[in-house]
Each structure stands twice: as structure tokens, then as C-alpha cells.
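I opened this notebook to keep track of what I looked up, one topic at a time. The entries follow the order in which I went through the model.

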Amino acid sequence: MPTDQTFSRREMLARMGWTAATVALASCSAVKAESASAHTPGPAALHRPNIIFILTDDQRYDAMSCMGHPIVKTPNMDRLRREGVLFQNAFVTTSLCSPARASFLTGAYVHTHGVIGNWGCEIDHDATPTFPRLLHDAGYRTAFVGKWHMKHTNQPRPGFDYWLAFAGQGVYNDPTLNENGREFKATGYITDLLTDYALNFINQQNPDQPYCLYLSHKAVHSPFTPAPRHENIYPDAQIPEPPSFQDTKAGKPAWQRGGIADPRYQQPRDVPDSITPGPWDPNNARRLGYLRTLSAVDDSLGRILKTLEERGELDNTLILYTSDNGYFFGEHGLGDKRLMYEESLRIPMLMRYPPLVKPNSTVTQMVLNIDVAPTLLDLADVPAPATVQGRSVLPLLAGKTAGWRTSFLYEYWIDLTDRIPRMVGVRTDGWKLIRYPDLQDIDEMYDLTADPTEMTNLAQDPKYAEQHQQLNAELNRLMIETGYGSKPIPKEPRVTWPAKTEH
Ligand SMILES: [Ca+2]
């Protein structure tokens, strides 16, 4: 772990009135501390908060009422925002389920952990250890509940004391679950069931030992099946047409218009959940289903907050709420994710932990999914392994923004649908460059301040040649710095969408 992050945590603890001596004690091996005080909470237990990491699936950054969404009502997400911090510019480095999940867990870029697509790759748990496993080895009780979505098995993974999961995408109703290796058919709605098991785990914990719960929802992923109690909410909803819905792709890469010879990219609309060209439908059943499905997730968060309050441990528990990728709601005529436009790579991210987080605060720096693992390890004073490429965000919570990243690398690899090409890109605070390295096609470059809906591609505009050159150089620098290209490119699968396997 970089020294500045360790110091920042200790400085913040000191601000809270904890002396250097107690902090030093808290930094000792939790295993030793707990074995020496099995029934009396020692400094390690007191100063290492519980951690609840809640991950939703395909939730857009703005699909919360606290983000000003015109339809959806999420009172518990709003409470988390009000009592915690909003990371206003949070992104995934790859906008796709399995790769992003592996990055959350390992703190590593996709080209480092190797989970490049959704067809069943699994993390190498020894080469790129997950943060729950590291917390477990440092004395935390750990639990996984929900959607793992890498290799298509529901069997327990290393590092979890408690395991409750389904295979692959799972189903919304009456799922087959695996609890600690025992498979069974459950009855009920998935979001409520997962919450029940998560609360059971919480309620079984001993206050002497900190715990880490990773609750990974199926919702709000397709097929967007709401809980029965939410099937008819928002009866008068009129989903607004996004400003970029009528994007003609003029001036954009030819592959997006089917304009290149490569047969793979001649059906540009045939990407997952694309929207049939034509007038905007403000009552689209799929998109209404998406918003309705989110309500049970909000209920789940409310039950967790209530349980923590009842147990008296709400303020000693860090809650991090986020999503594995964004989702197009018609922007550029698209559904699904994968592309490097804002609606795809931006994610919601909220954190509540009063000792370090000011209520109703906002962090505007660019924060990534690969920052989650180092942040949670930093919080628990557990060293991050060398494979971690993200950074702890704890300094940002104390207003220490100097030296924070001003750009990041985006990567997308060939997945089940081979009609979306491999891409690399760089996003800075104000600009974005997207490159398609396998195609003879133009780049995309956007001025995010002047053109936030990314309609005008400036990559070919001579007036912006210098900007293009600078972003190219920054992209190349990031690719070298993060080791992109230092490994052989994985063999591209040739599976035509829709595939029989997961997506
Ligand atoms: Ca997803």
C-alpha cells in the first residue's frame, strides 16, 4: 500500500481523537488481537469497521431520486446520499458485468486479472486475490450473498466464511441457490431472498469481530422483472427522450453505421438491447420494468440500514453502494452498455461511514471500480497486494485531492457479441478519446464540457489536432503504465449474438 494512503488513514483517525498508540494497536494483526481477547472487544475490533459492499447490476449513475431522476423513487438510496458521500464522477474501467466485477474484487484492470468477457472466465484467486479474501485472512468474518457471475458455477469461492449464490445470471423468481456448498430451490423474489440471507448473516455476527458482507444483487439486470408489489408503480410515467436518441452517427466511426467492409460490423443496430429506430416510446415496458425493479433494491437497502441501527452498529459500518456498469436508456439509440459513452461507464457510488465521511458531501474527482478494493483494504489497515492498480479514496474524504488522477484508461475486449469491436480509450476531467485498435476506422474524441452528450466527434477536426495528439499520448502512457499489451491478446471468441450462454 502506498505510504501516503496509510498516513492519510492514520491522520484521519487522529483527527477523530484516537491517539497514535491506539492506532498502532489497531494496525497490528487482527488475528492475534482477537485470539488474545476472544470475548472482549479489543482496539482492533473497535477500530476496524464492518464493511458492507452492495453491488447492483446495470444500474445507471442517475437511477436514484437523489440524482434528480424524473421518475424513480429511491428513499433509502437518498438517505445514504444524505448521510454519506456521493462520488459524482465514478466509473468502471470496463463496462461489462464479469470484467467489472473482477475489477471491483481485485482492484486490478481487466488486462491484469484476465476476466475479459462474460463467457465464464474466473479470477485467478491466488495471482489476483480478492479484497474479501484478504480481509478474511486479516481477521474479518466474510460473506458473499448473490450474483458472482464469473465462471458459471454457484459453488463457494475462496475467502468467504459464508456463501449464498446462484449460477450465472440467475432468475428473478424461485431461484436455485447454493448455501455453503448445498444447492437447493428457493421460493420467492430474488432481491428479497438475498436480503433475507444477508440480514441473517449480519444478525449472527459477534461484535468482537468485524465482518465484511458483499451483497451482489441480480437487479436491475434484464429481463427487468419487478417484485409483485412494484409491478404497477409509476402508472403515469413518461420516460423522457434522451437528447442523443436521434444520433445519426454522422462523423463517427464507420463501424457504428455498418459502413466498413468487415462483415462483423455491418449490422450496427444489432447490439444487445438496441432500440428499434423510430419515434421515442415514453412508456416502453422494458425501461419501465427497469425502474420498477429498482424499488426492491431500495427496500433491501432500507432493511439493512434498519438492522444495523437495531444492532447499534450503523455508524461503525462502512456501507459502499455501487453498480457493476451503467446502462443506455436510448442514448445514441442504444440499450445495454459496453461502449465508452458516459451513460455506459458512469456508475452510481455512495458511501456512508460517519467517522470519515461528512454527511451530504460530494467528491468530484474521478473514482474507479478498481479503487474499491484498495479503499476497503486501507480502511481495515490491510496491505494491498502488488496486483492492485486502483487507489484508496480515503484521502479524498479528507479533502486531500492533490496528486489525484486526472485521467484513466478504459478498455473493452471482444465479448459474446462480436459486433462490438475491441476498444481502448482515455477519459480526462474534460475530454475523451476512444480508439478501435483492431479496425481501420477513425477515433472518437469529445469535449465533455461543451458536448456532454457526445454528439460531435472532434477526432478528425484539424482545429483539434493538438488536443487529439495530447490525448493519444496520454492513452499510450496509460497503456504502458498499466501493462496493457504486455500480455498476448486473448483469443477472440466467435459467438453470434444472442448467444446461448450468459450475457
Ligand atoms: Ca452488469
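Where is the place of P223? I found P223 in the loop between β7 and α10; I note here that I am working from a predicted model.

**Entry 1: peptide bonds and backbone.** I then turned to D58, a residue other than glycine whose phi is positive, near 70 degrees, and I placed D58 in the loop between β1 and α5.

**Entry 2: a salt bridge across the chain.** How many salt bridges does the structure hold? I read off 29 salt bridges, and I followed up the one that R60 forms with E331, in which the closest N and O atoms are 3.0 Å apart. This pair links distant parts of the chain, with R60 in the loop between β1 (50-56) and α5 and E331 in the loop between β8 (317-323) and α11 (342-345), 271 residues apart.

**Entry 3: the largest pocket.** I next asked which residues are the closest to the centre of the largest pocket. By class, I noted 10 nonpolar, 4 polar and 5 charged residues in the lining of the largest pocket.

**Entry 4: the second largest pocket.** I recorded a volume of about 220 Å³ for the second largest pocket. Among its 14 lining residues, Y109, Q389, R405, L478 and E481 lie nearest the centre, and the elements that give two or more residues to this lining are β11 (407-412) and α14 (465-481). I noted its lining as 6 nonpolar, 4 polar and 4 charged residues.

**Entry 5: the packing of α5 and α10.** How do I describe the way in which α5 and α10 lie to each other, and what is the angle at which they pack? Helix α5 (residues 75-83) and helix α10 (residues 285-310) pack at about 55 degrees, with their axes 7 Å apart, and the two helices are therefore oblique to each other. On the α5 side I listed P75, N76, M77, R79 and L80, which meet L294, V297, D298, D299, L301, G302, L305 and E309 in α10. I noted the classes in this contact as 7 nonpolar, 2 polar and 4 charged residues.

Note on methods: Residues numbered from 1 in each chain as written. Predicted model: local features only at pLDDT ≥ 70, side-chain atom pairs only at ≥ 80, totals over all residues. Heavy atoms only, no water. Axes fitted to C-alpha atoms, helices over the stretch in contact; angles between N-to-C directions. Helix = DSSP H or I, 4+ residues; strand = E, 2+ residues; numbered from the N terminus. Parallel < 35°, antiparallel > 145°, perpendicular 65-115°, else oblique. Contact = heavy atoms within 4.5 Å. Nonpolar A, V, L, I, M, F, W, Y, C, P; charged D, E, K, R; others polar. 1 Å grid on protein atoms, 1.4 Å probe; cavity = no way out; pocket = protein on both sides within 12 Å on 5 of 7 lines; lining within 4 Å. Points joined across faces, edges and corners; volume = space filled by probe spheres on them. Salt bridge = Lys/Arg side-chain N within 4 Å of Asp/Glu carboxyl O.
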